[in-house]
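Thank you all for coming.

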Amino acid sequence: MYLKKVEIYGFKSFGQKVEIIFDNKVTGIVGPNGSGKSNIVDAIRWVLGEQRVKTLRGGKMEDVIFSGTEEKRALGYAFVSITIDNTTGILPSEYSEVNVSRRLYRSGESEYYINKNAVRLKDVHELFMDTGLSREGYSIISQGKIESIVNNSAVDRKLMIEEAVGIVKYKTRKNEALRKLDKTQSNLYRILDIISELE
Ligand code: ATP
């Protein structure tokens, strides 16, 4: 599994449509300070479903939308799309190439797509769970990340190891099932209350 392509339009400094093609070797991105290198990484995090604005180096989510320059006016939405080679089948998808995209409008309306089908954020999270590319994943190592891993609490480190060994999706499903059980139990108590009132 490797990242084949990133398309960006209207995200942070990218007021023009940009397409970056990667191969399965090493790619370096160079450029002057402030030219947008880190914005590419932010775009990848964002399309993977990042919701924490701080991680994206912003104050509010709208800050990711291109705010204009002297030459080009601001845009109304941000769009990022990534294409992943899945010939090894690591992603739980029948396709050998998986495309994930996200669009955010200034109104706050947000859209996610997997291979052009509209999906929920939850579906994007589930697609990448246990692959190393999810929220707690280790595929994106930013400045200071190694230091933070070393200094992390044992609980945070455990989270990362769980992602690596591939048990996060089972833990998530277990928690969902427990939540449903809890809700069903409360409904049962309510029904029993009503029955006893009627008797
Ligand atoms: P460095 O080498 O200093 O780390 P960099 O190449 O990684 O720099 P980035 O941090 O990716 O640069 O880009 C910063 C630039 O992105 C700034 O010029 C900033 O004004 C611009 N930028 C960030 N958000 C937006 C936005 N919403 N609209 C327009 N430009 C933006």
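Is G36 buried, exposed or partly exposed? G36 is partly exposed, because 17 other C-beta atoms lie within 10 Å, where buried means 20 or more other C-beta atoms within 10 Å of a residue's own, exposed means 12 or fewer, and partly exposed is anything in between, with C-beta atoms placed from the backbone. Before I go on, please keep in mind that this is a predicted model, in which local features need pLDDT of at least 70 and side-chain atom pairs count only at pLDDT 80 or more, while totals for chains, interfaces and linings use all residues. Residues are numbered from 1 along each chain as its sequence is written.

G36 sits in the loop between β2 and α1, where helices (H or I, at least four residues) and strands (E, at least two) are DSSP runs numbered from the N terminus. Leaving out residues up to four places away in sequence, G36 touches K12, S13, F14 and G31, a contact being two C-beta atoms, placed from the backbone, within 7 Å. N33 lies in that loop as well, between β2 (18-21) and α1 (37-47), but N33 is exposed, because it has 5 other C-beta atoms within 10 Å. A further residue of the loop between β2 and α1 is D23, which counts as exposed because 10 other C-beta atoms lie within 10 Å; its C-alpha atom is separated by 8.5 Å from that of K5, 18 residues apart along the chain.

Let me turn to the ligand. An unreviewed UniProt entry carries the annotation "binding site" for P32, N33, G34, S35, G36, K37, S38 and N39; its positions are given in the numbering used here, feature names are shortened, and such annotations may be inferred rather than shown by experiment. In the model there are 14 residues around the ligand, of which S13, N33, K37, S38 and N39 come nearest, near meaning that the C-beta atom, placed from the backbone, lies within 6 Å. By class this shell has 2 nonpolar, 9 polar and 3 charged residues, with Ala, Val, Leu, Ile, Met, Phe, Trp, Tyr, Cys and Pro counted as nonpolar, Asp, Glu, Lys and Arg as charged, and the others, Gly among them, as polar.

Next, the helix that follows the loop. In α1 the buried residues are N39, I40, D42, A43, R45, W46 and V47, and they pack against β1 (2-9), β2, β3 and β4. Leaving aside neighbours within four places in sequence, A43 is in contact with V6, I8, F11 and V80. Just after α1, G49 takes a positive phi of about 105°.

What does the largest nonpolar core contain? It has 28 residues, and F11, A43, W46, V47, V64, A78 and V80 have the most contacts inside it, a core being a set of buried Ala, Val, Leu, Ile, Met, Phe, Trp, Tyr and Cys residues joined through C-beta atoms within 7 Å. Two or more residues come from each of α1, β3 (77-85), β4 (97-105) and α2 (121-128), and β3 gives the most, with 5 residues.

Finally, the whole chain. The protein has 5 helices and 6 strands, running β-β-α-β-β-β-β-α-α-α-α from the N terminus. Its radius of gyration is 21 Å, well over the 16 Å that the globule rule gives for 199 residues, so the protein is more spread out than a compact globule; the radius is taken over C-alpha atoms, and the rule is 2.2 Å times the number of residues to the power 0.38.
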